[in-house]
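Grab your viewer and work through the exercises below, checking each step against the model. Each task comes with a worked solution.

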Amino acid sequence: MADPRAYQFDLPSDGKPADVTLAEFWYPGVQQFWEGSTSRRIFDPILGVRAVVVHATAGGSSDGAVSVMRDGTASFHWLVPDEDEDAHGKFVWACAPEARAAWHVRNSCSHPDVNGGTAKVNHWSLGIEVVNRQAGADAFSEWQVEATAQIIRYCWAKYPNLQHIVSHARLDPDRRSDPGSSFPWSRLRQLVRQGAGDDVPPGVARIMNRTVRATRAPGGGGCEG
């Protein structure tokens with residue numbers, strides 16, 4: 001059986017996606033909880049991001065997961081809904097601004113293979129929660145794994161120093177086991193590295209290509225003046 005304490009892969013130097021779209025919407029009303037459940041990052045909010053941490057909720061609903069933000073005890077950047085929720089198969093919930101440090105890993109936790117063992121993980125990471133009861137009968141859906149991979153690919157395209165993809169259990173093995181032994185970590189790694197489909201919709205890609213061609217200098221460069 002897989003050991004979630006060993007879940008980690010580092011992003012390769014090649015294969016970085018140029019751009020990735022993400023189907024996300026703010027969880028209704030979540031903005032009112034940010035002040036009490038997130039912090040200002042102590043590192044640069046773009047250049048300082050080094051890791052994405054994958055969690056599972058140990059509950060069966062997105063609303064139950066967001067309750068920790070209402071209580072001011074924890075937070076996360078994205079929430080991947082479960083099969084019996086309307087959003088499943090359509091979009092993920094955005095829950096905290098990426099520029100803010102979400103409280104998804106204890107400040108004292110670290111791992112020597114993740115950012116050199118640096119503590120205060122929340123300040124240099126992004127957190128994804130996947131709704132799952134963490135029980136043997138509650139399997140992760142293929143869409144949940146694909147959606148988690150798409151979030152990671154979005155982060156890979158956006159954050160130039162992102163390197164580590166790890167489980168919560170990797171960083172806090174004495175207290176946490178999520179996303180659990182049933183989470184298909186190898187499948188996630190494959191999807192992140194290869195992608196499950198077009199990162200950018202064809203229509204957007206055509207617009208981007210036209211824009212690049214239109215803005216390209218016609219000659220060999222240089223300056224006038």
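Let's start with contacts, meaning heavy atoms within 4.5 Å: among those in the chain between residues at least 6 apart in sequence, 80% join residues at least 24 apart. Before you start, note that this is a predicted model, where local features need pLDDT of at least 70, side-chain atom pairs count only at pLDDT 80 or more, and totals for chains, interfaces and linings use all residues. Residues are numbered from 1 along each chain as its sequence is written, and side-chain values use heavy atoms, with hydrogens and water left out.

**Exercise 1.** Work out what share of the chain is buried, and list its secondary structure.

*Solution.* Step one: set the cut-offs, with buried under 20% relative accessible area, exposed over 50% and partly exposed in between (1.4 Å probe, protein chains only). Buried residues then make up 46% of the 225 in the chain. Step two: take DSSP runs numbered from the N terminus, with helices (H or I) of at least four residues and strands (E) of at least two. That gives six helices and nine strands.

**Exercise 2.** Find which residues touch the most other members of the largest nonpolar core, and which element gives the most to it.

*Solution.* Step two: in the largest, with 34 residues, Trp78, Cys155 and Leu188 touch the most other members. Step three: strands E4, E5, E6 and E8 and helices H3 and H5 each supply at least two residues, and H3 gives the most, with nine. Step four: look apart from this core and you'll find another, of 14 residues, including Val30 and Met69.

**Exercise 3.** Where do the buried residues of H5 sit around its axis, and what covers them?

*Solution.* Step one: pick out Trp185, Leu188, Leu191 and Val192, which are buried in H5. Step two: they span an arc (directions from the helix axis to the C-beta atoms) of only 120°, so they lie on the same side of H5. Step three: the cover includes E1, E4, H3 and E9. Step four: zoom in on Leu188, which, leaving aside neighbours within four places in sequence, is in contact with residues including Phe9, Val54, Ile152 and Phe183. Step five: just after H5, Gly195 takes a positive phi of about 80°.

Conventions. A nonpolar core is a set of buried Ala, Val, Leu, Ile, Met, Phe, Trp, Tyr and Cys residues joined through side-chain atoms within 4.5 Å.
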